There are 2 protein chains.
Amino acid sequence: MKIGELSRATGTNIETIRYYERIGLLPAPDRTAANYRSYSDAHRSRLSFVRHSRELGFTIEEIRSLLDLSDDPARDCAAADRIATAHLEQVEQKIEQLARLRDELTRIVGRCRGGIAADCRVIEALGDHRHCESPHV
Amino acid sequence: MKIGELSRATGTNIETIRYYERIGLLPAPDRTAANYRSYSDAHRSRLSFVRHSRELGFTIEEIRSLLDLSDDPARDCAAADRIATAHLEQVEQKIEQLARLRDELTRIVGRCRGGIAADCRVIEALGDHRHCESPHV
DNA sequence: TATGCACCCTGTAGCAACTACAGGGTCAAG
DNA sequence: CTTGACCCTGTAGTTGCTACAGGGTGCATA
């Protein structure tokens, strides 16, 4: 299939597909006589793997490792589990951080009673960390 | 104060301070005879405002708008409230998205029983979206 | 007096993970 | 035979910094 079909089949931007090839995440496909890229089903499923992993927040480098593992079926599955578990922990940390941030923002936004900027509690709170109830970031 | 002192006073990287000046977020300070930047307390509190807002996840452009508002005390506070409220909504959406992602990852990780990559449920799940219980991203 | 060291300067390039052109070639339908 | 959809390469932009390279300044110590 041509790049446009692969794009539609996987919901991936054409430029992104070429980008993945450039960085070596997708193998370079065969070319037609007109120098068009010609993809196989193997390409399609590899790209699906990449996109799905990206949607789940894995970095390109993590995906590279996961692809290496899946390319070699004899390899130890524990490595894949380690990558996924580490990533899960990062996601959990990010959620906690955002939750703290949300609480702080809720507090700040709740204090706005309208009026002019000179009396704005939002601006005041942003200017002074001491208004915060818990550390964020 | 010199840039190093401002850096320590606000916990901001020196390169970041110069970057903020370059993009017009911090006004260019006076210079000493040796061409060193010389900051006032007004600079310090403006930088604190910027850093605190960044910690809360506001983008540079949002901060620019918030600074414009705080520079003009006669302006309507509602604009600041709108920016903060919109940002809060984004944070809440991001939290929900990450929570869905965490659930999916938890499901995937939980299926790994060790063994070889050919039978790895982690890799299998990443390769096929149909293993997912809920849509993510 | 020299010299070492911490600090400052400018300008440019790099990071992640794309996205968006510019400027060109290919191919099938009407 | 031309219109339009598609494809190609190569480069530059995005966000918010961070990291040099290659130089100048200022003060304390040997």
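This is a predicted model: local features need pLDDT of at least 70, side-chain atom pairs count only at pLDDT 80 or more; totals for chains, interfaces and linings use all residues.

1. Now for who lines the pocket. There are 14 lining residues, and those nearest the centre are Thr10(A), Ser48(A) and His52(A), together with Gly127(B) and His129(B). You will see both chain letters in that list.

2. By element, at least two lining residues each come from α1 (3–10) and α3 of chain A and from α6 (121–127) of chain B. The biggest share belongs to α3(A), which gives 6 residues to the lining.

3. Helix α3 (residues 41–55) of chain A also meets helix α2 (residues 14–22) of chain A: their axes come within 12 Å and cross at roughly 105°. Angles of 65 to 115 degrees count as roughly perpendicular, so α2(A) is roughly perpendicular to α3(A). On the α2(A) side the contact uses Thr16(A), Ile17(A) and Tyr20(A), and on the α3(A) side Leu47(A), Val50(A), Arg51(A) and Arg54(A). Sorted by class, this contact has 4 nonpolar, 1 polar and 2 charged residues.

4. Finally, the domains. Chain A splits into domain 1, covering 3–75, and domain 2, covering 84–131. Taken over C-alpha atoms, the centres of these two domains of chain A are 38 Å apart.

Definitions and conventions:
Residues are numbered from 1 along each chain as its sequence is written. Chains are lettered from A and ligands numbered from 1 in the order in which they are written. Side-chain values use heavy atoms; hydrogens and water are left out. Axes are lines fitted to C-alpha atoms, for helices over the stretch in contact, and angles run from 0 to 180 degrees between N-to-C directions. Helices (H or I, at least four residues) and strands (E, at least two) are DSSP runs, numbered from the N terminus. Angles under 35 degrees count as roughly parallel, over 145 as roughly antiparallel, 65 to 115 as roughly perpendicular and the rest as oblique. Contact means heavy atoms within 4.5 Å. Ala, Val, Leu, Ile, Met, Phe, Trp, Tyr, Cys and Pro count as nonpolar, Asp, Glu, Lys and Arg as charged, and the others, Gly among them, as polar. Domain bounds come from an automatic or database domain assignment. On a 1 Å grid over the protein atoms alone, a cavity is a set of points where a 1.4 Å probe fits but cannot get out, and a pocket is an open set with protein on both sides within 12 Å along at least five of seven lines; lining residues have an atom within 4 Å of a point.
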